Amino acid sequence: MRKQKAGTKLSITYAVFVILMITAAAVIFFRYSRDTVHNDGVSNLIQTTAATMEQIDNRLTNMEQASVDVLTNAHFLELWVEFTESWNQETGRNVKRILVNAYKNKSDIRRVAVYDKTGSFICTGNTEAEREEVASRVAYIEDKYSFNVADSRVFLGPAADFWEPSTKGTVITEIKPIKTPSKEIVGYIEVQQNYFYLRNICDVKWSGYDLNTMVFIGDQADLFYADMTWKQPKEKIRYFAELTEQYVKAQDTGEEIVTMASSNYYPCRTVIVLPESILYKSLRNTIQGISLVALLLIAFTILYILFVTKKIMRPIDTFVKRMQGTKLENFTEHQATRDMDWETMILVTAFEDMAARLRESMEREKQMADVQTKTLFGILQSEISPHFMYNTLGSIANMCENGEREEAANACYCLSEIMRYASDYTTVEVTWQEELENLKAYMAIMKSRYRQRLDYEITVDGNLDYFMLPKVTFQPIVENAIKYSLLESEHVFIQIYVVEFDGYAIVEIKDNGCGVTKEAVELVRSRIETFYRDHGSQEITDNLQFGGMGLSGTLIRLSIFFGEGFSYEILGQNDTGGTTIVLKMKLE
C-alpha cells in the first residue's frame, strides 16, 4: 500500500475540512432558515388573511348599511306597499329617491333595487329587466334561500348584472327581505356592488406569485369568491371547505400552508392557500447560491493542492526522500539537503542531534538495564541460602538424634534438590514446573520438621508448563506464612491455588495464622514504591531480609520481571483469620 506524503495529507485534510464545514454550514443554515421562513411565512400569511377578511367585511358592511338605510327610512315601507298596490308613478319616484339617498356617499355601490314576487320593482340606474324576469328571479331566490328567520340576508358571489346585462358588468349582491311589523314579507331589497373591488381585495400575491384565495359565506359555507390556479378546482374547493370547518388560524398539510380568518359580523370566512414550493422558493435560490460558492471553494482547494501545497512542501519532501535511506547505523551522519527553507533546516538539524543523542542513550540504557537487573536478581536471590540452610540442617540433626533415619534421608534429598536449584546463579528464570517441584521439596522439609502442626494443599488448574517466572518466587512467601502462623496457631494449614484465567497466571497463597495489620500491608507497599521511585534504593535493598528475602523482595523481583504485567493484592484478614496473598502474572 502506497503511503501518502504529508503535503498530500495536509491538502486532502484541508479540502475535506472545507467541504465538511461548507456542508455543515449549509445544513445548519438550511434548517434554521427553513424554520424561520416557515414561521415568518405563517405569521405573515395569517396577518394577510386577517387583513383581507377585514376589507371584505368593510365591503359587505357598505352593502348592509345601504340596505339598512333604506329599510329604516320612516316612509319607505308605507310608500313601497302603496306602490305595489297602486303602481302610482309619483309614489315610485319617492321610493327611488330613498334608494338613491341610501348609497349616494358609497362609491362602491352600483345600484339598489326593490321588488316583490309579482315582478313589481323599482331600480336605480338603467335597467333592462322585465317584470316577468323579476318575478322568476324572486321565485328562484325564495326556492333556494330561507328568509323567515330574523335578520336574514343572502350574499351572492360574482355574477353578471341582472338589471343591465348589456354592460357585461360583474357584481356581488346582497338580498334582504322587506318585512312589515307583523313579519310579513312584502318584497326584497337588493344592493349591488362592483365586483372589481372584491377582486382587488382578494388578489393576494407572495413574492410575485398569485395565491389561491377563497371566501365561504352563509350557514352552508357557500362559495362566495374563489381566485385559484388549480387544475381541478371543484375538488380543491370542497377539500379546503371541509378542512376549515373548524376555526384554526393556520394549518400545514405538508404541501401547502392554509390560513383562515372569520368575519366579525357575518357567517363568512376567508381562506388563503400558500404552496410550500412558493414559500421556500427564495430559500432554494439562496441554497443554490451557497452551493455555487461551495463549488468555487472546492475548486480553489484543488488548485491549492496542485500548486501551493506542492511548493510549500517541496523542502520537506526532499528531506523525507533523504530519510528513506537512513538507517540506525548512519543516524549521526550529516547529509546536505538542498533548497531548504528555515523551518526545514531547523527540522533537519534537530533530527540529526536527536538521532545522535538517541543512539547514545539507547546504548547506555541497555547497559544500565542489564547491570541493574543482574545485580538486583543476584542480591535478592543470594539472600535465601544461609537462612534456609541453618533452619533445615538443624531439623535434620534432630531427626537423626531421634532415630528417624528415613525421614532424615528424605529431608537431605529435598534439601539437596533445593540447594542445587537455588545455587545455580547462571539462571534467574525457570519454568512453572521447575518452581513447583522446588516448592514441593520445600514443603516436604517443612512437614518433616513440624509434623502434625503443619499441613498443606497445592491445587493447579490450567496448562502452565511453559510459563516462565523468576527462580525461588513462592518459597519465601510460604516460609513467611509458616513462620508467623506457627507463632499463633498450634495447627497451621497452608493452601496454594494456581489457576490460568484470561491470559494470566493467578496464584493465591493462604494461611490460617493471625493475619497482618493494615500498617504492615502499607509498609510493604511503601517499600516497593520507594524502590521504584529511587531507581533501586540501596536502603531498601539492604533491608529486604524480613523473613529471608521476605514479601517485599519477592514482589520487587516479580515486578521487575513482569513489568506492567504483574499486580498483587494482600488480604490482611481472610475468612480463617490468617493472611491471603494473590499474585497476578501475565502469561507470555
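This is a predicted model: local features need pLDDT of at least 70, side-chain atom pairs count only at pLDDT 80 or more; totals for chains, interfaces and linings use all residues.
Residues are numbered from 1 along each chain as its sequence is written. Local features need pLDDT of at least 70, side-chain atom pairs count only at pLDDT 80 or more, totals for chains, interfaces and linings use all residues, and side-chain values use heavy atoms, with hydrogens and water left out.

**Helix H4**

Let us start with helix H4, which covers residues 131-144. Helices (H or I, at least four residues) and strands (E, at least two) are DSSP runs, numbered from the N terminus. The expected span of a helix is 1.5 Å times one less than its number of residues. For the 14 residues of H4 this gives 20 Å, and the end C-alpha atoms are 20 Å apart, which agrees.

Val134, Arg137, Val138 and Ile141 of H4 are buried (under 20% relative accessible area; exposed is over 50%, partly exposed in between, with a 1.4 Å probe and protein chains only). These residues cover an arc of only 100 degrees around the axis, which puts them on the same side of H4; the arc is that of the directions from the helix axis to the C-beta atoms. An α-helix has 3.6 residues a turn, so residues three or four places apart point the same way. The face turned away from the buried side carries the exposed residues Glu132 and Asp143. The buried residues of H4 pack against several strands, including E1 (109-115) and E3 (154-160), where contact means heavy atoms within 4.5 Å.

**Aromatic pairs**

The structure holds 16 aromatic pairs, and two of them are shown here. Rings of Phe, Tyr and Trp (its six-membered ring) pair if their centres lie within 6.5 Å; planes under 30 degrees apart count as stacked, over 60 as edge-to-face and the rest as tilted.

| Pair | Centre to centre | Angle of planes | Type |
|---|---|---|---|
| Phe162 and Trp163 | 4.9 Å | 85 degrees | edge-to-face |
| Phe566 and Tyr568 | 6.2 Å | 25 degrees | stacked |

Trp163 is buried at 0% relative accessibility, whereas Phe162 is partly exposed at 22%. Arg137 lies over the face of Phe162, at 4.6 Å from the ring centre (NZ of Lys or CZ of Arg within 6 Å of the ring centre and within 35 degrees of the ring normal).

**Strand E19**

Strand E19 (residues 580-586) pairs antiparallel with E17 (residues 504-510) over 7 bridges, and 6 bridges join E19 to antiparallel E18 (residues 566-571); pairing needs at least two DSSP bridges. Lys584 of E19 is the bridge partner of Ser567, and Lys584 also lies over the face of Tyr504, at 4.5 Å from the ring centre.
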